[in-house]
Amino acid sequence: MTDPEVRYDITLNINGTPYEISVPARRLLSDAIRHDLGMTGTHVGCEHGVCGACTVLVDDRPMRSCLMFAVSAEGLSIKTIEGLAGADGSLHPVQQAFRDCHALQCGFCTPGFMMTIAAGIVDNPAPDADQAREMISGNLCRCTGYQNIQAAVLRAAQLASTAVPR
Amino acid sequence: MTTKQFGERVKRYEDNRLIRGEGRYTDDVARDGLDAYSAAVVRSPHAHARITNIDVTDALEVPGLVAIYTYDDLTGPLAGPLPLLIPHPSILSGVTQYALAKDEVNYVGEAIAFVIGTDRYSAEDAAEKIEVSYEYLNPVVGIPAARAAVDLVHQSAPGNIGAHFEQQVGDVDGALATAPHTLSFKHTIERSACTPMEGRAVHARWDAVDHSLRVYTSTQASTSVRAAIAAKLALDLSQVEVIAPDVGGGFGVKIVHPWPEELLTPMAAIALGRPVKYTEDRREHFIAAAHERAQEHEITVGYDDNGRILALDVRIWHDHGAYMPYGVIVPIITSTQLLGPYKPGAYRCIFDSLYTNTVIVTPYRGAGRPQGVFAMERTMDRIADDLGLDRTVVRAANFIQPDEFPYDHGLIFQDGRPLIYDSGDYPQLLSMLKGMVDWDSFDQRRRDAAAQGQLIGLGIGCYVEGTGVGPYEGGHVQVETNGKVKVSTGLTSQGQGHQTAFAQIVADELGVPIEMVEVTTGDTRRFPYAVGTFASRAAVMSGNAIALAARVVRAKAIKISAEAMEAAPEDLEIVDGFVRVKGSPDQSMALQTVAVLSNPLRYAFDEATKAATQFGGQNDPDKPPIADDEEPGLEGRDYYSPIRSTFAAGMHAAIVQIDAATSEISILKYAVVHDCGNVINPMIVEGQIHGGVAQGVGGALYERMAYDEYGQLQNASFMDFLMPYATEIPTIEAEHLQTPSPLNPLGIKGAGEAGVIPVSAAIASAIEDALDIRIAAMPISPSELHDLRIAAAADSHLRTKRFITENENTKGDPS
């Protein structure tokens, strides 16, 4: 029998909660989130960083969790789709906008889009239509044709600006 | 008054869980490495080879390995070939694969060994260590090689021909011989694929206590997967339950079943006494699932001076890949739906369905229609160009007219039924489309732009889509004693919003608030009889079945409450979940109370149910508590089984711009008119159209499966296979026409596939209009278009007649 893999005890800070897990060095962050921690809202669509379905926020920046090892995420602040809504269950502006605009069909790519947009409208709180399209141009969706997702970006920005007066 | 839900833009009920990350897709059912073992598959790296040995010695050393299965481990029915799902008389040699390769592999990606590890990592480690030895055979790749048949994919299929089929209406040869004009030309369409964002996935658990199997699978046909698993694993049907949970897109590929992994995963779960899961990765989806589209066409058409088609003669070569589990459905659809909204004087279509050493070909959204529509619409443009007529004039000259329905084409459709269109209004659709793009003024706009060096063109594509194919679907509606209305149907959902659309139907039919309605699809525990979700059939089939079931419940509720309220049934109505006397809304009874009364009880389980116990309420001592023709419970079940398909239609127009220097193709405007009969939820239908058009744009401009001569798929990743991002998809403008279907109670037609069908045709038409160069193959890339422009500069055969005529005129023009 070949030697079993060395495992590393790490703490992942996800949605404000620390989780202690023991993983091999090669365990992908996406797999650690989905399987070690059982948070299955983060989806894996390609495992090579192209589709964006697995996007989470790492220190507030969108990151493809399939392109990062879990052990590399120690000490970083990770936010997943499960942490997007308010503690009281109130929808984040992006979530509300996706429902309002029918920006999802099968829902598989949706968490990745929403995390991308959640960060995007912080960077650019008032995108125009072209900027909205650009904001989502790194994520693949096979159902919607993107038109309603683009509309949801604009709607989310609008909702966010009303929710948080600047 | 209850607000009418049918026809409204009701926001989706499935969204709440999906936007919160609370969807449950198959891979979410069990945590990899914690709750279930995980499978990996050893796949053939060769397109055509004989397996001479499989050596697992090194794999046995891998930590975490649990089990390895090869063909020799398969027993009973599982050792036989996988089913040929749809037999057809045209199939001459129907070869299907084995769950694990037996002796020979016929495409790169074919499953050879099924490896179980404690998690997917260890399963892949072990799979990598399995040594398979091969004796190489010559691969057959592409239609020309298959047709030439120098090498054979299967010795049992001479000429690589899996099926040969001919249908003819009228005297094609005679009409061609006497037609004032004839043209002959060829078309080529390449492979693409569904590529849903979630690939295939299966989870199986065996309950050793009650000897039952539960399988979650990302499928479009859970009831049929259930039957296949029971048959292949030699279980009783009643021992197997199959659930399609949230499914991350299907588009056709998940109608194929049973996949090898759908049988091997439960096989391993039973053998190992542990839950087992298999979740394919993206590369596996490219090389081991299914593709579609690849066809070659040879067309001869005869027509009169008005462009009226007198005879159409079409020869199709269809590449169905290494095996044909789905039969000849795709080429049958191409050969019948090619006719679109038109009525040629005579029509003949002959197809050969050919084996190649590539991934299997099964329906992808549109299912053969995009190719057929490409053939017909390119033909229309050819005729218009030849006669110097407007392209819409030629189309209109061939339309079936609104007063000609039902229109019988005299052919047999994919459901084995006559190809009879039920209803439609094609002239009206064309008129709407022309308005959306200012069709009549575009030619001047094009010429003005050309004078400025801008190459723009307008294209059109028209189609008719047979939707809602049988044989049947069913629906079950139950009012629970807590007032919730539980609805179930057997077909599955992959993002179409069934939980919302079906709830809209029930809310109206039963008279309940839509918030009280909960819909379950694709769960054989809830509804075991179903066919599946394909062919734009879910709304038509299950929508109508559920409506009929709701009517059963409504009638039963009225009957029970009429007795309880001592009112005449005809004086009662159900509004907002209450049965009430018409005109006296204060005299009412909640449906949940009716549900209590519907089930005569001996034992009360809460305050409300006391009313139904034997001493609790009024009852007639001279009658049995349940009448002879009654059943307990406020529930009803009904089925919808149509005599034949219902035919939706639509037309698309695209305005494109070609960069004069780089030949890059941009879509400036995209317009859709669409008629799917009565619309349940316009928001959902528009979403379906948007998504379909986006896939169509992919098929027209970007997506192709790039096989090399050895049968290696060169672009088996999202990095290399160019699926459109947001930046590639234009804004889509859509308008609806509603011509109800006379075939079903709700008057609806299917809409799921519509968007994709005429896109290649419309874009080809637009490029041809912009450049006056004939477009006869799809997809077309900027570099291919560039080469075509260079070639056309030297070869007038590649040019439109319009270009040649106008340039001759120009030569004579002194200015």
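**A covered helix**

Modeller: Begin with what packs over one helix: the cover of the buried residues of α5(B) includes β10 (212-217), β11 (240-243) and α6 (260-272) of chain B. Keep in mind that this is a predicted model.

Colleague: Why is helix α5 of chain B described as largely enclosed by the rest of the structure?

Modeller: A residue is buried if 20 or more other C-beta atoms lie within 10 Å of its own. Eight of the 11 residues of α5(B) (residues 222-232) are buried, so the helix is largely enclosed by the rest of the structure.

Colleague: Which residues of α5(B) are buried?

Modeller: They are S222(B), T223(B), S224(B), V225(B), R226(B), A228(B), I229(B) and K232(B). After the helix comes A234(B), with a positive phi near 55 degrees.

Colleague: Which residues touch the most other members of the largest nonpolar core?

Modeller: V115(B), V506(B), V656(B) and I767(B) do, in a core of 306 residues. The element that gives the most to this core is helix α14 (residues 538-565) of chain B, with 13 residues.

Colleague: What is V115(B) in contact with, leaving aside its neighbours within four places in sequence?

Modeller: Its contacts are A39(B), A40(B), V42(B), I68(B), A123(B), A126(B) and A127(B).

Colleague: Now the interface. How is its size expressed?

Modeller: The size of an interface is often given as the accessible area lost when the parts come together. Here I use residue counts: 47 residues of chain A are in contact with 48 residues of chain B. On the chain A side, the elements giving two or more residues are α1 (29-36), α2 (93-100), α3 (110-123) and α5 (147-163). Of these, α5(A) gives the most, with four residues. By type, the chain A side divides into 20 nonpolar, 19 polar and eight charged residues.

Colleague: What is the strand order in the open sheet of chain A?

Modeller: The five strands run in the order β2-β1-β5-β3-β4, with mixed pairing. β2 (17-24) and β4 (61-64) of chain A are the edge strands, each pairing on one side only. On average, neighbouring strands are turned by 45 degrees against each other, direction ignored.

Colleague: In which sense do β3(A) and β5(A) pair?

Modeller: β3 (residues 55-58) and β5 (residues 77-79) of chain A pair in the antiparallel sense over two bridges. There, V58(A) stands opposite I78(A) in β5(A).

Colleague: Which strands do α1(A) and α3(A) lie across?

Modeller: α1(A) lies across β1 (7-14) and β2 of chain A, at about 110 degrees to β2(A). α3(A) lies across β3 and β4 of chain A, at about 35 degrees to β3(A).

Methods: Residues numbered from 1 in each chain as written. Chains lettered and ligands numbered in written order. Predicted model: local features only at pLDDT ≥ 70, side-chain atom pairs only at ≥ 80, totals over all residues. Core = buried A, V, L, I, M, F, W, Y, C linked by C-beta atoms within 7 Å. Buried ≥ 20, exposed ≤ 12 C-beta atoms within 10 Å, placed from the backbone. Contact = placed C-beta atoms within 7 Å. Nonpolar A, V, L, I, M, F, W, Y, C, P; charged D, E, K, R; others polar. Pairing = 2+ DSSP bridges. Axes fitted to C-alpha atoms, helices over the stretch in contact; angles between N-to-C directions.
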